[in-house]
Each structure stands twice: as structure tokens, then as C-alpha cells.
Amino acid sequence: MAETQPVLFDKTVFLLHGGGALGAYQVGVFKGLSEQGYSPDWVIGTSIGAINSAIIAGNPHEQRVSKLQGFWNTIATNIPAAPNSINNITMERMQHEFSAQVTTLTGQPGFFKPRWWNPWLGIESTADKLSYYDTSMLRDTLLEFIDFNLINQKQTRLSMGAVRVATGKLVYFDNTKITITPEHIMASCALPPGFPAVDVDGEFYWDGGLHSNTQLNLLLCEREPIRYLCFMVHLFDAYGTRPTNMDGVYKRQKEITYSSHHKQAIFVYRNIHNLRHAIRVLGENLSPEKKEDPELKKILDLGQTGIIHLARFHCKGKHSELSSKDYEFSLPTILARIKNGCDDVYKVMRNPPWIQPCPDDVGLVLYEVSEHPVVEDSLFDEIANYAAIT
């Protein structure tokens with residue numbers, strides 16, 4: 001094992017999940033990290049994470065937080081917070097349910113609105129019209145808060161996952177490869193059957209979360225031999241309380257479905273990296289003549305790989321949250337989630353685990369940043385560092 005050394009990073013990446021209204025937590029995490037001097041070289045997003053990512057990449061550094069907050073203030077429902085009472089959890093649940101019902105019936109300003117006709121009544125139609133809500137107003141909102149010229153100048157790399165309806169294939173809209181438009185962002189957050197498919201260059205696309213709610217595999221496929229620091233912000237977590245009522249069943253089902261199943265990808269990546277590292281070590285011990293052998297050079301090229309330090313933030317909600325938490329857009333709840341994200345960053349920055357020395361031959365180091373880290377099975381514990389927020 002190589003000696004440990006202080007960690008220096010070549011690139012910083014922000015990896016943002018999908019999760020509807022829960023995406024306000026990402027704003028708080030980004031705000032907190034920005035205030036600590038962390039600025040992304042690359043933002044990767046899906047669904048609401050794609051919108052947040054595009055706002056980050058599409059604004060100058062000093063305007064990013066204010067633009068994010070402006071977007072969320074625009075789409076929030078201005079409903080009073082639950083009053084303090086002896087049984088405040090019950091009052092909060094009533095407020096959450098009321099807010100979610102308002103969203104269901106009226107939509108969200110600047111985001112989506114109900115269609116005036118029932119899509120079930122259509123005999124023949126197209127995927128861009130088959131949905132319960134119309135998201136066309138989102139285009140103007142994106143233009144208000146995002147400078148697309150800046151995105152396409154590629155100062156900050158932006159990647160967004162979407163699923164091609166016709167093939168079910170996951171694709172990436174990446175500003176280093178194509179010109180990004182509002183339609184690319186809308187396609188990445190077009191979750192059916194609520195939202196319609198979006199036409200991009202003659203193809204219909206749906207929400208990338210249908211395939212994977214975090215596009216971690218895009219980062220793991222990078223072949224640059226550099227050191228990455230990645231902040232991954234989860235909005236759904238597979239760990240939670242056992243349901244005690246039917247709403248709890250729906251809530252847990254949604255959390256398990258949309259939580260990131262990143263563990264398997266990380267485990268596979270760790271094994272692949274170990275193999276690449278072994279190839280590199282063997283190559284360093286070959287004679288100069290062997291290194292020039294054309295067949296061996298192809299193999300030695302496989303030994304080029306980077307190192308990823310992955311800090312995973314968890315959106316931990318209140319006990320009063322319901323299964324409708326991802327479409328509960330009341331302003332008090334949005335502001336509370338932003339504050340929670342900031343607070344989590346401030347707590348972990350008292351002793352950030354990713355700046356601690358670590359072996360230089362490790363392919364991926366995972367920091368489970370949580371107030372109450374959950375120690376998992378031994379297979380995963382080999383690559384995880386459980387850093388409690390205190």
C-alpha cells in the first residue's frame with residue numbers, strides 16, 4: 001500500500017439527483033459549498049437536478065446562488081407555514097397535504113399547469129401531448145434564469161441525462177459535444193405520465209430518472225488520469241423508517257425506486273480501477289523494449305485512470321413529510337430545505353473528510369456524509385467512509 005499524502009484535486013464535480021420539490025435541498029448544499037470556496041468544473045444532473053445544474057453552469061459565479069434562489073421562489077406556492085402547536089407534526093402534515101393538493105389541482109407557477117382535457121380520452125396522439133400537465137411555460141422560466149450563451153461557451157461543463165422514448169436508451173446532453181437549448185433541460189425533467197415527452201431534434205425524450213436517478217456512471221467512465229472531488233446530492237434515500245400506514249407505504253416505495261442504486265456501480269468501478277492500477281504497475285516494471293511493443297502498448301493504455309473522491313450528501317426530511325414530498329412546493333418548505341442543505345455543509349466543513357490524507361493507489365473513496373451514517377454490508381464498507389455531520 002502506498003503512503004498516505006494530503007489530497008489535492010484537479011477537478012470538482014457536482015452530481016445532482018432528480019426529486020422534484022426536494023431539489024431545493026441541492027440549492028442549500030450548493031450555496032454552502034460555494035461560500036466555502038468550492039466551484040464546480042463540471043455539473044451533472046437529472047430531472048430537477050438538471051435544472052439546478054443548468055442554472056449553475058448558465059450563470060457567472062457570483063450570480064449562481066441568487067439565480068437558483070430566484071428560480072425556486074418563482075415556482076414555489078406562497079402558502080403560510082404550519083402554525084406552532086402542541087401537536088405540530090399533525091399541523092405540518094395538514095399543511096403538506098394542502099400544498100400538495102394545490103399543486104395537483106393548479107400546477108406550479110412558471111413550471112407546469114394541468115391540461116384542460118383528459119389525456120385518456122385521446123384516441124391517437126403523440127408523446128409530447130400525452131401527459132396530465134403542460135410544461136411549455138417552463139421554457140420561458142429557464143430563459144429568465146439561464147444564460148444559454150454562457151453554457152455554450154463551455155466554461156463549466158454541463159451534462160444532463162435523458163431517455164429516448166423510442167429506444168429506452170439513456171443519452172447525455174453535454175455542452176462539450178452539442179449546443180444546449182431549453183429543450184434539452186426540459187427533456188431531462190420530463191417525467192411521465194405527469195409531464196410530456198420533449199422533442200429534441202426530431203426525437204422524443206423523457207426524464208433521465210426513468211433509467212437512473214443519478215448519472216454517476218458518466219463520471220466513472222472518465223479516463224483522465226486526474227484526481228476528482230465529486231459532491232453527490234441525493235434527494236431520495238433507500239434508508240428510512242418502516243411504514244405504519246398506507247401513505248408511508250407509498251413514501252417508502254418512492255424512496256426505494258428513486259434512490260440512487262450507486263453502490264453496485266461503485267463496487268464494479270473499484271474492481272476495474274484495481275485492475276487498471278495493476279496494469280500500470282506492471283507496465284512500470286517492463287523493459288523499454290517491451291513498452292514499445294505495439295500489442296503491449298494497447299494493454300498499457302488501459303492502465304490510465306483517475307481517482308475519485310465522492311462525498312454524498314443526503315436530503316433528510318422531517319417526520320411530518322408525506323409521500324407527496326416531491327411535489328410539495330410550498331414556499332416555507334422550499335426555504336426550509338434550502339436551509340437544511342446549507343446547515344449540512346456548515347456542519348461537515350468543521351472537519352471535511354475529503355481533505356484528509358489517503359493512499360494514492362485508491363481508485364474511489366466514498367464519504368457518506370450524514371448526520372446518522374448507516375453502516376451497510378461488509379462488501380460496501382470496504383470502499384465507504386462514514387463521515388457523520390456533527
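Colleague: Which residues in helix α1 meet R64, V65, L68, Q69 and W72 in α3?

Modeller: This is a predicted model, in which local features need pLDDT of at least 70 and side-chain atom pairs count only at pLDDT 80 or more, while totals for chains, interfaces and linings use all residues. Residues are numbered from 1 along each chain as its sequence is written, and side-chain values use heavy atoms, with hydrogens and water left out. Helices (DSSP runs of H or I, at least four residues) and strands (DSSP runs of E, at least two) are numbered from the N terminus, and contact means heavy atoms within 4.5 Å. The residues in α1 that meet R64, V65, L68, Q69 and W72 in α3 are A24, V27, F30, K31 and S34.

Colleague: How many nonpolar residues does the contact of α1 with α3 have?

Modeller: Ala, Val, Leu, Ile, Met, Phe, Trp, Tyr, Cys and Pro count as nonpolar, Asp, Glu, Lys and Arg as charged, and the others, Gly among them, as polar. By these classes the contact of α1 with α3 includes two polar and two charged residues, and the number of nonpolar residues is six.

Colleague: Are α1 and α3 roughly parallel or roughly antiparallel to each other?

Modeller: Two packed helices are described by the angle between their axes and the distance between the axes. The axes are lines fitted to C-alpha atoms over the stretch in contact, and angles run from 0 to 180 degrees between N-to-C directions. Helix α1 (residues 24–35) packs against α3 at about 165°, with the axes 10 Å apart. Angles under 35 degrees count as roughly parallel, over 145 as roughly antiparallel, 65 to 115 as roughly perpendicular and the rest as oblique, so α1 and α3 are roughly antiparallel.

Colleague: Is the crossing of α1 and α3 left-handed or right-handed?

Modeller: A crossing is left-handed if the near helix is turned anticlockwise from the far one by less than a right angle, and right-handed if clockwise. For α1 and α3, the crossing is left-handed.

Colleague: Which residues of α5 make the contact with α3?

Modeller: Helix α3 (residues 64–75) and helix α5 (residues 137–145) have axes that come within 10 Å and cross at roughly 155°. The two helices are therefore roughly antiparallel to each other, and α3 passes α5 in a right-handed crossing. On the α3 side the contact is made by K67, G70, F71 and T74, and on the α5 side by L138, T141, E144 and F145.

Colleague: How does α2 lie relative to α3, and which residues of α2 make the contact?

Modeller: The axes of α2 and α3 are 8 Å apart, and the packing angle is about 140°. That angle makes α2 oblique to α3. The crossing of α2 and α3 is right-handed. The contact involves R64, K67, L68, F71 and W72 of α3, and from α2 the residues I48, I51, N52, I55, I56 and A57.

Colleague: Is S53 buried or exposed?

Modeller: S53 belongs to helix α2, residues 48–57. Leaving aside neighbours within four places in sequence, S53 is in contact with L16, V43, I44, G45 and L158. Buried means under 20% relative accessible area, exposed over 50%, and partly exposed in between, with a 1.4 Å probe and protein chains only. At 0% relative accessibility, S53 therefore counts as buried.

Colleague: Why does T135 count as buried?

Modeller: T135 sits in the loop between β5 (133–134) and α5. Apart from residues up to four places away in sequence, T135 touches F111, F112, M186, F195 and P196. T135 counts as buried because its relative accessibility is 8%.

Colleague: How far apart in space are F313 and V29, C-alpha to C-alpha?

Modeller: F313 is placed in strand β11 (residues 307–314) and counts as buried because its relative accessibility is 0%. Its contacts, leaving aside neighbours within four places in sequence, include Y25, V29, F231 and V369. In sequence F313 and V29 are 284 residues apart, whereas in space their C-alpha atoms are separated by 8.2 Å.

Colleague: How many residues apart in sequence are L364 and Y228?

Modeller: L364 lies in strand β13, residues 364–370. At 3% relative accessibility, L364 counts as buried. The C-alpha atoms of L364 and Y228 are 9.4 Å apart in space, and their separation in sequence, in residues, is 136.

Colleague: What percentage of the residues of the protein chain count as buried?

Modeller: The protein chain has 14 helices and 14 strands. Of its 390 residues, the share that counts as buried is 51%.
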